[in-house]
Amino acid sequence: MTRVGLVLGAGGVVGQAYQAGVLAALEDVLGWDPRTAELIVGTSAGSVTGTSLRMGVGAADLASMAAGAPLSSEGERLYARFLPDSSELPVPPRGSWLRPWRLPSAALVARAARRPLAFRPSVAAAVLLPAGRVRLEGRAAPLHDLVGGEWPDGLWICAVRRRDGHRVVFGRPGSPPADLAPAVLASCAIPGYFSPVAIGGEEYIDGGVHSGTNADALRSQGLEVVVAVSPMSSARPHRRRADGAIRWSGHRRLAREALRVAEGGSVVVRFEPGASVLDAMGLRMMANDRSDRVVDRAMAETRAQIEDEGLRHLLAPGRTRPTAATAPSPAPGQDASSVRPRTGR
């Protein structure tokens, strides 16, 4: 069987809908069940999708759940065991954004001094924001009751340590121990909106602070194919979109991460929203009134990408591992959605 890694990025409620649509199309067209991925890296919304897959929820039920369509009997049974209550998250009062920011910690200053060129101001800004006042703990109670201290195999969840802005990949060997439910909450704790989540005496915030996808967590893992689903980026955002610059920046970061993963010998396939999906998404990532349209358009765009890029046999069982002879090196600045391993390895 092909060794496949799956990267599920940040993106809020509409991001989960996008991931569900992409995965449902991959299963429908290619016959690939995303639950069979050897490793799943989830960030923020992607941590919820990844956990659902590891709990046994299939791609079709992910799409049905997002679109408000009937679930399979198995999907209903699984979701009933760990799904949080369906109440909408409260909107924090406007005054909460005007509270004083935190002063930088000694650990944050030291980290910036050690690697000034690698340290990003956006990370510093996120960790210095005042703590959000919307608490998430209750929403993961059913999941915690179900799994407790057990951790699914092959699930890595990305969060950011608030003390110094360092990325932590929970579930990866060598990372701090954590229960699944608080790790998912930490990965989803949007700075300034949700309260940080305490794990092992440290506070953690949204993994998207470090990267919208964190795809480079899978480099050097010996995977043949890495599928990256990135709701918050776009290869062709319209310049008039208010979030166009942010999406383009996310696209370029994902491209760099994909090249790092490809250097380890993996074929990386990226799925990012196109014009049709972006139109359905709008600008509010936490909106829950458009998921059905996002799912439908994500499925359509994914089917088209599969045909356009010749991906129909990429995830087939028994696919030959890419070699230097069959997987040419990407050209400098390559902007294709599929990135293959470098030659000469």
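Q: What share of the contacts in the protein chain with a separation of 6 or more comes from residues 24 or more positions apart?
A: In this predicted model, such residues account for 74% of those contacts. The protein chain contains eleven helices and nine strands, and buried residues make up 53% of its 345 residues.

Q: Which residues of α1 and α2 meet, and what is the make-up of the contact by class?
A: From α1, the residues are G12, Q16, Q19 and L23; from α2, they are A45, G46, V48, T49 and L53. By class, this contact has four nonpolar, five polar and no charged residues.

Q: Why is strand β2 described as largely enclosed by the rest of the structure?
A: A residue counts as buried when its relative accessible area is under 20%. Five of the five residues of β2 (residues 39-43) are buried, so the strand is largely enclosed by the rest of the structure.

Q: Which residues of β2 point one way, and which the other way?
A: In a regular strand the side chains alternate between the two faces of the sheet. In β2, L39, V41 and T43 point one way, while I40 and G42 point the other way; all are buried.

Q: How do you know that β1 and β2 are paired, and in which direction do they run?
A: Pairing requires at least two bridges between the strands. Four bridges join β1 (residues 4-8) to β2, and the two strands run parallel. Within this pairing, V7 has V41 of β2 as its bridge partner.

Q: At what angle do α3 and α11 pack, and which residues make the contact?
A: Helix α3 (residues 59-67) and helix α11 (residues 291-308) pack at an angle of about 145°, and their axes are 7 Å apart. A63, A66 and A67 of α3 make the contact with S291, D292 and V295 of α11. By class, the contact of α3 with α11 has four nonpolar, one polar and one charged residues.

Q: Why is H210 called buried?
A: The relative accessibility of H210 is 14%. Buried means under 20%, so H210 counts as buried. H210 lies in the loop between β6 (202-206) and β7 (225-229). Residues up to four places away in sequence aside, H210 touches R120, V160, R167 and R253.

Q: Where do N214 and S220 lie, and is each buried or exposed?
A: N214 is in the loop between β6 and β7, and S220 lies in the loop between β6 and β7 as well. At 0% relative accessibility, N214 is under the 20% limit and therefore counts as buried. S220 has a relative accessible area of 65%, which is over 50%, so S220 is exposed.

Conventions
Residues are numbered from 1 along each chain as its sequence is written. This is a predicted model: local features need pLDDT of at least 70, side-chain atom pairs count only at pLDDT 80 or more; totals for chains, interfaces and linings use all residues. Side-chain values use heavy atoms; hydrogens and water are left out. Contact means heavy atoms within 4.5 Å. Ala, Val, Leu, Ile, Met, Phe, Trp, Tyr, Cys and Pro count as nonpolar, Asp, Glu, Lys and Arg as charged, and the others, Gly among them, as polar. Buried means under 20% relative accessible area, exposed over 50%, partly exposed in between (1.4 Å probe, protein chains only). Axes are lines fitted to C-alpha atoms, for helices over the stretch in contact, and angles run from 0 to 180 degrees between N-to-C directions.
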